[in-house]
Amino acid sequence: MTRAQGRSRRVKVTVEAIIDITDEHTLEQAAIADIETAQFSVSEGSDLSVAQVRQDEQDHIRGDAVAAVQWLVDAGGILDDRPGVEFVEATESVVEIDELGVHLSAWPQFAALFPLCTCGADDCNRCGGFQLTPRTAAALWTAAGVLTDQAYDDVLEHGDEPVDDTGDWAVFDEFPRITWRQNAVWRRQAARSFDDLSDDLAAGHWPQPRCPAEEMALHLILRSAEVAVGDDWAGFAERYADLPEHDDDHDWEMLTETLFQDLDILALFSKQLDGIEDPDADQNRELGIGDYRPQAWFERFLDLDPRDPRRPFRR
């Protein structure tokens, strides 16, 4: 079937750019000067004059470098005045991110979500035991977000390609070798496991893996969070300097003991234990590990509630 004569094809173009603001004052002055030459109009009967509208726009820019960038962005200029196309509409959004790519406005209120108990009572079930502190929760949530993005990037870049150890992979080469030949659909589900645990933290819940894929994701999150704190990724410590400190902050060993029912999945990294993922294998039955074959990685553990099957994928 041919396209009806004279009917145009509409295309949506999505562009993402990251810029560093190197001189806020110069940027703001450039935006204010651009507003001065821009064409404004007011509707008939409006109480505002063109001069007032212009002044309001300039006042909005002053002291807000992000707003200045927003003004100077020209989404419609990507393909403006090009042969064979007619510009229809464009929208743009500008948000401030940290050096890990996390929206600064998106940080959960960890101090409120994970309130610390410091009553000191001997019979207190909260401060008498291990607490997931606001600083630890922030570190885990940030690491989970970075790994989620990297996992989806792996899917988009490599698709169904088998994983290898050449260093071209961001996340999935850190998974056990038995998963390296899984397809893009499997990997996309695995990428969502990082998001599921991130969502737990953003809701004020301890990240509790409910299936093997989430177990693997949580191990990688803990490892990445420990590196982030130890190496101070992108000024990470300063990022949550206002959160209360506690003796339980960043106790990775205790977190491992507390968050996992067992560490059986780590056996999949041992070449000497190849085949242990099969529930019919002798070693598997002896240790009572269960089914860790890749096709079972998204089957929930029977003692835990399932996640909403309608939850979306990030991308």
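## T133

T133 is buried, with a relative accessible area of 0%; buried means under 20% relative accessible area, exposed over 50% and partly exposed in between, for a 1.4 Å probe and protein chains only. This residue lies in the loop between α4 (110-113) and α5. Leaving aside residues up to four places away in sequence, T133 touches F114, L116, H246, D248 and D249, where contact means heavy atoms within 4.5 Å.

## Basis of the values

This is a predicted model, in which local features need pLDDT of at least 70 and side-chain atom pairs count only at pLDDT 80 or more, while totals for chains, interfaces and linings use all residues. Residues are numbered from 1 along each chain as its sequence is written, and side-chain values use heavy atoms, without hydrogens and water.

## Helix α7

Helices are DSSP runs (H or I, at least four residues), numbered from the N terminus. In α7, 14 of the 20 residues are buried. At 1.5 Å a residue, α7 should span 28 Å, and its end C-alpha atoms are 29 Å apart, which agrees; the expected span is 1.5 Å times one less than the number of residues. D232 follows α7 and has a positive phi, near 55 degrees.

## Crossing of α5 and α7

The axes of α5 (residues 134-158) and α7 (residues 212-231) come within 8 Å and cross at roughly 115 degrees. That makes α5 roughly perpendicular to α7 (65 to 115 degrees). Axes are lines fitted to C-alpha atoms over the stretch in contact, with angles from 0 to 180 degrees between N-to-C directions.

In this contact, A139, L140, A143, A144 and L147 of α5 meet L220, I221, L222, S224, A225 and V229 of α7.

Key:
Helices (H or I, at least four residues) and strands (E, at least two) are DSSP runs, numbered from the N terminus. Angles under 35 degrees count as roughly parallel, over 145 as roughly antiparallel, 65 to 115 as roughly perpendicular and the rest as oblique.
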